[in-house]
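Hello,

Here is the structure you were waiting for. My notes follow below it; please read them with the model open.

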Number of protein chains: 2
Amino acid sequence: MDHLFSYNQLFDFVYAVFARIGCSETDATTAAHTLLSADLRGIDSHGIARLSGYVRLWEVGRINPQPDLKLVHETPSTAVVDGDGGLGLVAAPFAMQTAIEKAAQAGTGWVSVQHSNHFGIAAAHAMMALPHDMIGIAMTNASPLVAPTYSLERLLGTNPICVAVPAGEEPPFVADMATTTAANGKLEILQRTNKQAPAGWIQDKKGNSSLNPYELKDGGALLPLGSDREHGSHKGYALGAIVDIFSAVLSGANYGPWVPPFVSFLPLAPDMPGKGIGHFFGAMRIDAFRPAADFKQHMDQWIRRFRQARPVEGQPRVLIPGDPERETETERKKSGIPLLPPVVEDLKQVAEKFSLPF
Amino acid sequence: MDHLFSYNQLFDFVYAVFARIGCSETDATTAAHTLLSADLRGIDSHGIARLSGYVRLWEVGRINPQPDLKLVHETPSTAVVDGDGGLGLVAAPFAMQTAIEKAAQAGTGWVSVQHSNHFGIAAAHAMMALPHDMIGIAMTNASPLVAPTYSLERLLGTNPICVAVPAGEEPPFVADMATTTAANGKLEILQRTNKQAPAGWIQDKKGNSSLNPYELKDGGALLPLGSDREHGSHKGYALGAIVDIFSAVLSGANYGPWVPPFVSFLPLAPDMPGKGIGHFFGAMRIDAFRPAADFKQHMDQWIRRFRQARPVEGQPRVLIPGDPERETETERKKSGIPLLPPVVEDLKQVAEKFSLPF
């Protein structure tokens with residue numbers, strides 16, 4: 001049985017935890033807001049379920065709770081942000097805000113971030129552009145769990161990309177996706193429900209297809225979008241690589257197999273070439289291309305035409321990217337956020353650690 | 001048996017054909033260079049094999065051989081180009097050059113193109129950024145052949161994306177990919193060799209998986225990268241949609257099912273919302289983020305680490321995006337470009353039409 005919690009209840013708790021590890025009021029607010037946007041949108045693997053993970057990273061000294069966020073380089077349309085080892089949940093909104101301000105002046109803004117940590121869901125950041133009539137883009141590299149096509153070694157993270165596009169009367173188009181066939185969170189769900197994975201999600205340590213959701217613990221790997229060469233896995237590999245390069249080679253963060261792990265018990269790689277993990281953000285002002293009203297009218301037509309496409313038998317309709325998450329958010333704002341019993345247990349331990357009520 | 005032709009032999013012929021349809025010397029040179037870059041890189045479906053298709057589009061009045069290319073809107077980092085109904089093979093290099101000039105000034109440049117036609121391979125344009133120590137990006141929408149996840153209708157093209165990244169001592173990273181599981185050219189190869197398609201490339205008119213490479217003639221569709229929902233086709237659909245939006249909704253071109261077909265015998269859609277087909281280009285100056293020398297050193301390390309990954313048994317090595325095309329280009333520059341007999345026949349008919357030697 002899931003337990004239902006109100007957003008405010010969870011917000012107050014997450015805020016208090018970030019405050020206890022030493023974040024400023026502003027940063028604790030930003031971090032709680034960013035983290036919980038995952039729970040609101042139904043991306044349960046990236047939300048409050050990870051709070052104890054962030055705390056453990058702080059305990060081993062891998063998160064600086066009082067980072068001095070700085071622009072270390074800039075041009076009219078670009079910047080590099082130094083996250084100073086702080087929470088990605090704080091560095092990412094700072095960097096995205098910088099991209100938006102650049103776009104207001106120069107038409108577009110592009111910001112690469114070094115020395116950061118995990119930033120929650122990409123959509124939380126990309127969607128910041130929408131109220132400004134801008135297209136928002138967010139991506140990040142992550143701990144190496146993915147084997148490129150033909151590789152036995154795990155060299156890439158699930159490296160997600162989000163693109164958020166404003167519309168007029170229709171809700172926005174928001175595509176937020178790992179560049180793998182299945183995100184790691186999907187494996188966690190299979191483990192909890194004691195099910196096998198579909199073929200094409202995972203390979204074992206010899207590079208053979210595997211259905212075992214625990215395979216990564218035994219040297220296996222997630223597969224890039226496309227699953228195998230015949231079905232285009234070289235494209236998923238290329239997409240993950242592009243995210244890695246934009247986020248980390250462009251900023252001076254760590255890339256490929258050197259990206260620091262999210263779990264605190266794994267050691268950092270020796271000879272890391274950069275600082276922390278990397279992100280990349282973009283904002284494009286619609287009216288830097290054409291009048292926003294014209295664009296939105298066409299975007300509405302685009303959305304309606306796709307939504308009204310004749311569906312395959314047995315499917316109610318063709319979805320627009322962002323539809324499922326928006327519907328979940330509406331529902332959860334009304335009825336509350338369900339948490340699985342192991343997540344509640346985990347949060348109780350966090351509460352105890354900081355003598356907080358939960 | 002394939003016939004081998006030297007690059008110069010083919011260049012002179014293609015140049016002469018574009019000149020005969022009325023292109024200026026400069027435009028015919030650009031168009032021939034762009035078209036043949038596909039043959040050099042081994043993307044045979046997008047090169048000289050399409051020359052007769054361009055001629056037929058000109059014959060039915062769908063290509064303006066003397067376009068007046070114009071910037072219709074601009075900011076420091078953006079522009080919209082009106083292709084004036086001309087060859088995409090000419091409008092695209094013009095737009096990419098504009099992006100590069102914007103990037104030289106503002107750090108990055110982003111150019112969306114309306115009222116264009118097919119532009120050959122995306123890599124031809126994205127790679128223009130490389131000698132300037134810039135990352136190049138190119139994408140285009142295309143005739144609707146692809147069904148979004150759960151759709152019976154074909155609403156997207158194979159909508160390719162290319163990202164080209166300079167390195168130091170290593171050759172550049174060049175990922176150029178259709179956002180479908182298999183590009184349409186792959187079906188043409190199956191048809192010629194009388195083979196079935198692998199499962200996951202095509203659906204029939206009822207949305208069932210099909211192995212028939214002629215299925216598109218009977219109302220079938222290509223599938224987005226990922227093939228089916230369980231393997232992430234909603235991500236391939238989202239990528240194709242992003243290309244469509246950046247290329248056409250942002251520029252004022254046609255999008256989705258309204259994109260004009262490449263084949264001249266298919267009618268244009270009624271009530272087209274925009275002009276021609278659309279492209280999108282980007283250029284990012286490396287030193288708008290960090291010193292180019294530092295970036296290139298890390299990019300070399302990135303490339304070497306991935307190339308040296310332990311391969312799965314039976315595979316010689318892990319490839320870097322762009323490796324196969326670069327190797328083909330080296331080989332073909334030396335030994336010549338092979339053309340299939342039906343392509344040679346087709347070109348002989350083009351030669352006859354214009355009283356040109358071939």
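Strands E6 (residues 161–165) and E7 of chain B run antiparallel and are joined by 5 bridges. Helices (H or I, at least four residues) and strands (E, at least two) are DSSP runs, numbered from the N terminus. Two strands pair if DSSP finds at least two bridges between them. Within this pair, Ile161(B) stands opposite Met177(B) of E7(B).

Before going on, note that this is a predicted model: local features need pLDDT of at least 70, side-chain atom pairs count only at pLDDT 80 or more, and totals for chains, interfaces and linings use all residues. Residues are numbered from 1 along each chain as its sequence is written, while chains are lettered from A and ligands numbered from 1 in the order in which they are written.

Strand E8 (residues 202–203) of chain B meets E10(B) over 2 bridges, in the antiparallel sense. Gln203(B) has Ala221(B) of E10(B) as its bridge partner.

Now chain A as a whole.

Chain A has 10 helices and 12 strands. Its radius of gyration is 20 Å, close to the 21 Å that the globule rule gives for 358 residues, so chain A is as compact as a globular protein of that length. The radius is taken over C-alpha atoms, and the rule is 2.2 Å times the number of residues to the power 0.38. The C-alpha trace of chain A spans about 50 × 50 × 45 Å along its principal axes. Of the 358 residues in chain A, 57% are buried.

Next, the domains. Their bounds come from an automatic or database domain assignment. In chain A, domain 1 covers 1–66 + 336–358 and domain 2 covers 67–181 + 223–321. Their C-alpha centres lie 23 Å apart. Across the boundary, 20 residues of domain 1 of chain A are in contact with 17 residues of domain 2 of chain A. Contact means that the C-beta atoms of two residues, placed from the backbone, lie within 7 Å. H2(A) gives the most to the domain 1 side, with 8 residues. That side has 8 nonpolar, 7 polar and 5 charged residues. Ala, Val, Leu, Ile, Met, Phe, Trp, Tyr, Cys and Pro count as nonpolar, Asp, Glu, Lys and Arg as charged, and the others, Gly among them, as polar.

How many residues of chain A are in contact with chain B? The count is 65 residues of chain A, in contact with 65 residues of chain B. H8(A) supplies the largest share of the chain A side, 7 residues. By class, this side divides into 37 nonpolar, 21 polar and 7 charged residues.

Phe289(A) is one to look at. It is in the loop between strand E11 (277–285) and H8 of chain A. Phe289(A) counts as buried, with 30 C-beta neighbours inside 10 Å. Leaving aside neighbours within four places in sequence, Phe289(A) is in contact with His73(B), Thr78(B), Val80(B), Ser112(B), Leu250(B) and Ser251(B).

Compare His132(A), in the loop between helix H5 (122–126) and strand E5 (134–140) of chain A. His132(A) is partly exposed, with 16 other C-beta atoms within 10 Å.

Last, the core. The largest nonpolar core has 242 residues. Such a core is a set of buried Ala, Val, Leu, Ile, Met, Phe, Trp, Tyr and Cys residues joined through C-beta atoms within 7 Å. Val14(A), Val14(B) and Cys162(B) have the most contacts inside it. Val14(A) touches Ala32(A), Leu35(A), Leu36(A), Ile48(A) and Leu51(A), not counting residues up to four places away in sequence.

Best wishes

How values were computed: Buried ≥ 20, exposed ≤ 12 C-beta atoms within 10 Å, placed from the backbone.
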